[in-house]
Amino acid sequence: MGAMSVRTQSSEEPAESVHRAGFACFVGRPNAGKSTLTNALVGQKVAITSNRPQTTRHTVRGIVHRAGAQLILVDTPGLHKPRTLLGERLNDVVRATWAEVDVIGFCLPANEKLGPGDRFIAKELAGIRKTPKVAIITKTDLVDSKTLAEQLIAVDRLGEELGITWAEIVPVSATANKQVDLLAELLVPLLPEGPALYPEGDLTDEPEQVMVAELIREAALEGVRDELPHSIAVVVEEMLPREDRPADKPLLDIHANVFIERPSQKGIIIGPKGKRLKDVGIKSRKQIEALLGTPVFLDLHVKVAKDWQRDPKQLRRLGF
């Protein structure tokens with residue numbers, strides 16, 4: 001077995017005077033902890049989290065500001081074996097993103113043995129030669145040290161077997177905030193030298209409309225994931241400040257459509273006497289107001305877009 005360096009704390013190294021800036025993306029099978037880790041690094045909820053594949057559909061970027069460095073996180077959709085046209089498009093997006101970033105973080109949960117899904121992604125990663133790859137063992141708060149050690153060895157072996165040289169192997173727990181800062185420190189030296197790419201204070205460059213749509217989609221999926229796992233798309237038709245409002249009491253009008261595939265799903269989303277849709281509106285409105293820092297009037301409508309996941313024209317219209 002080759003020499004394996006697992007980082008557990010930072011060594012005191014002299015501060016570099018160069019500034020580095022670049023892009024990283026986290027990959028891993030569904031529920032590997034990618035979005036939670038993104039949020040922990042950025043310090044604010046940007047990527048939506050869910051234990052279902054395909055909930056992160058857009059490239060949501062979180063921006064980690066550090067003294068002397070800027071790390072921009074590109075959250076790609078999960079790579080999986082495509083079953084639909086949407087799946088194939090997502091996979092193309094993933095491969096294109098992987099080739100363009102400066103570093104790839106491969107997330108593997110500490111509490112689950114390596115499986116075919118991990119291997120499938122690792123094989124794809126092995127094909128991308130130039131980009132440095134960091135193995136990130138997530139959810140370390142859920143296991144004891146013996147299980148963690150076994151997982152570290154398994155990940156090291158997986159790299160050897162497929163010809164991947166891990167730049168680092170880092171155990172983290174995003175929920176317990178363990179080693180998250182260390183991970184950022186280890187990713188920074190892998191970035192190219194250069195000036196900051198985004199102004200200080202920016203957390204994401206995702207258009208606000210897309211983030212608002214994601215928040216509505218997340219609220220709409222809450223509680224009905226089993227019945228409608230992926231057949232919800234949300235399109236924000238318009239976001240306009242309401243006229244005739246005093247400057248100190250602004251109100252933003254947001255009109256959004258929740259698209260489903262079949263008329264029979266309408267009742268599930270709307271709920272008895274419209275209660276579910278109302279709850280979705282209340283929940284997402286609070287989050288949107290927190291995100292945008294302004295009071296919002298949210299107008300939600302449920303519409304049927306027949307079999308949108310398989311129809312190229314609909315996919316384009318819904319932003320995929």
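1. Start with Glu 161, which is exposed at a relative accessible area of 52%. The cut-off for exposed is over 50%, so Glu 161 makes it into that class. Bear in mind that this is a predicted model, so the note is about computed geometry throughout.

2. What does Glu 161 pair with? Its side chain meets that of Arg 119 in a salt bridge, with N to O at 2.7 Å. Glu 161 sits in helix H4 (residues 145–162) and Arg 119 in helix H3 (residues 116–126), so this pair ties together parts that are 42 residues apart in sequence. Arg 119 counts as partly exposed, at 32% relative accessibility.

3. The helices behind that pair deserve a look of their own. The axes of H3 and H4 come within 10 Å and cross at roughly 45 degrees, and that angle makes H3 oblique to H4. As for handedness, the H3 and H4 crossing is right-handed.

4. Which residues make the contact? On the H3 side they are Arg 119, Ala 122, Lys 123 and Ala 126; on the H4 side, Leu 158, Glu 161 and Leu 162. Sorted by class, the contact of H3 with H4 has four nonpolar residues, three charged ones and no polar ones. Both partners of the 2.7 Å salt bridge, Glu 161 and Arg 119, are in that contact list.

5. Next, Lys 283 and Glu 222. Their side chains form a salt bridge at 3.6 Å, N to O. Lys 283 belongs to helix H8 (residues 275–292), while Glu 222 lies in the loop between helix H6 (208–221) and strand E7 (232–241), so the pair ties together parts that are 61 residues apart in sequence. Lys 283 is partly exposed, with a relative accessible area of 36%, and Glu 222 is partly exposed too, at 37%.

6. Asp 181 counts as partly exposed at 48% relative accessibility. Arg 66 is partly exposed as well, with a relative accessible area of 31%. For the tally, the structure holds 10 salt bridges.

7. Buried or exposed: where does Thr 294 fall? Thr 294 is buried, at a relative accessible area of 17%; the class takes anything under 20%. Thr 294 lies in the loop between H8 and strand E9 (296–304). Leaving aside residues up to four places away in sequence, Thr 294 touches Pro 250, Leu 252 and Glu 289.

8. Finally, the overall picture. The protein has nine helices and nine strands. Of its 320 residues, 48% are buried. Among contacts between residues at least 6 apart in sequence, 72% join residues at least 24 apart.

Conventions:
Residues are numbered from 1 along each chain as its sequence is written. This is a predicted model: local features need pLDDT of at least 70, side-chain atom pairs count only at pLDDT 80 or more; totals for chains, interfaces and linings use all residues. Side-chain values use heavy atoms; hydrogens and water are left out. A salt bridge is a side-chain nitrogen of Lys or Arg within 4 Å of a carboxyl oxygen of Asp or Glu. Buried means under 20% relative accessible area, exposed over 50%, partly exposed in between (1.4 Å probe, protein chains only). Helices (H or I, at least four residues) and strands (E, at least two) are DSSP runs, numbered from the N terminus. Axes are lines fitted to C-alpha atoms, for helices over the stretch in contact, and angles run from 0 to 180 degrees between N-to-C directions. Angles under 35 degrees count as roughly parallel, over 145 as roughly antiparallel, 65 to 115 as roughly perpendicular and the rest as oblique. A crossing is left-handed if the near helix is turned anticlockwise from the far one by less than a right angle, and right-handed if clockwise. Contact means heavy atoms within 4.5 Å. Ala, Val, Leu, Ile, Met, Phe, Trp, Tyr, Cys and Pro count as nonpolar, Asp, Glu, Lys and Arg as charged, and the others, Gly among them, as polar.
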